[in-house]
Amino acid sequence: MSRYVIPLVCLFLLVMQGMAMSLLPAKLVYSDLLITPHWILIFLFIIAIFYDKDHTYHAVWYGLIFGLLIDVVYTGVLGVYMITYTLIIYVVHGLKKLVHANFPAAFLLAVIGLILADALLYIVYSFVQITSISWVDYGLLRLLPTLAANMIFFTLLYPLVKERVYDWSEEISNV
């Protein structure tokens, strides 16, 4: 069952993150702050932490597939999100072995993963000259608001899906 639910949730989040900016107040949307929703990445962090075992990499594969879909649907450069999401989820998957699977650890891994992913996206987009803002402006006007908004999403999503994801993991293990 979980093999169908996880991609459906990711597909739903793909659609919803495209509409996320319309859910925010106009005063915030039209300010200097740049908020990028990374809802699929946040969900895949939870999958990597609570669903994947040490020898399985479902979240990494979902990151590859849905990163490519984000590239196709929302960006003009193919492969940036695909490679970034895959790499960062792999890193989080490796780091989860160092901490216990609970809310503070998952929150910390999500913060680290989100900072790494957004910074890597900024570096790639700077390299191909799609963006030209300075590191200071990037940190203040994009990274911090993006981090805050996505961690609010993580805090709301975590209690809704954590137990289900863990149950799905046990269901897969018993098959």
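**Figure 1. Surroundings of histidine 38 in the predicted model.** Histidine 38 is in contact (heavy atoms within 4.5 Å) with Gln17, Tyr81, Tyr85, Leu114, Asp118, Leu121, Thr146 and Asn150, leaving aside its neighbours within four places in sequence. The structure is a predicted model, in which local features need pLDDT of at least 70 and side-chain atom pairs count only at pLDDT 80 or more, whereas totals for chains, interfaces and linings use all residues. Residues are numbered from 1 along each chain as its sequence is written, and side-chain values use heavy atoms, with hydrogens and water left out. Histidine 38 is located in the loop between helix H2 (26-29) and helix H3 (39-50); helices (H or I, at least four residues) and strands (E, at least two) are DSSP runs, numbered from the N terminus. With a relative accessibility of 0%, histidine 38 counts as buried; buried means under 20% relative accessible area, exposed over 50%, and partly exposed in between, for a 1.4 Å probe and protein chains only. The side chains of histidine 38 and aspartate 118 are joined by a polar contact of 3.0 Å. A polar contact is a pair of N or O atoms within 3.5 Å; within protein, one must be able to donate a hydrogen and the other to accept it, and residues adjacent in sequence count only if both atoms are side-chain atoms.

**Figure 2. Threonine 36 and its polar contact with arginine 142.** Threonine 36 also belongs to the loop between H2 and H3. Its relative accessibility is 16%, so threonine 36 counts as buried. A polar contact of 3.2 Å links the side chain of threonine 36 to that of arginine 142. Beyond its neighbours within four places in sequence, threonine 36 is in contact with Tyr81, Arg142, Thr146 and Asn150.

Figure 3. In the model, residues 35-52 are 67% helix and 0% strand, with the end C-alpha atoms 29 Å apart. Residues 59-92 are 85% helix and 0% strand, and their end C-alpha atoms lie 10 Å apart.

**Figure 4. Buried and exposed residues of helix H4.** Helix H4 comprises 17 residues (58-74) and reaches 23 Å from its first C-alpha to its last, close to the 24 Å expected at 1.5 Å a residue. The expected span is 1.5 Å times one less than the number of residues. The buried residues of H4 are Ala59, Val60, Tyr62, Gly63, Phe66, Gly67, Ile70 and Asp71. These residues lie on the same side of H4 because they cover an arc of only 165° around the axis, the arc being that of the directions from the helix axis to the C-beta atoms. Exposed Trp61 and Val72 are carried on the face of H4 turned away from its buried side.

**Figure 5. Helix H5 and its covering elements.** H5 has 16 residues and reaches 22 Å from its first C-alpha to its last, close to the expected 22 Å. Its buried residues include Tyr81, Tyr85, Ile88, Ile89 and His93. Among the elements that cover the buried residues of H5 are H3, H4 and helix H6 (103-127).

**Figure 6. Aromatic pairs.** A pair of aromatic rings is described by the distance of the centres and the angle of the planes. Rings of Phe, Tyr and Trp (its six-membered ring) pair if their centres lie within 6.5 Å; planes under 30 degrees apart count as stacked, over 60 as edge-to-face and the rest as tilted. By this rule the count comes to twelve aromatic pairs. Tyrosine 57 and tyrosine 90 form a stacked pair, 5.9 Å centre to centre with 25° between the planes. This pair links distant parts of the chain, 33 residues apart: tyrosine 57 is in the loop between H3 and H4, and tyrosine 90 is in helix H5 (residues 80-95). Tyrosine 57 is partly exposed, with a relative accessible area of 29%, and tyrosine 90 is partly exposed at 48%. The rings of tryptophan 135 and tyrosine 138 form an edge-to-face pair, with centres 5.7 Å apart and planes at 90°. Tryptophan 135 is exposed, with a relative accessible area of 52%, whereas tyrosine 138 is buried at 1%.
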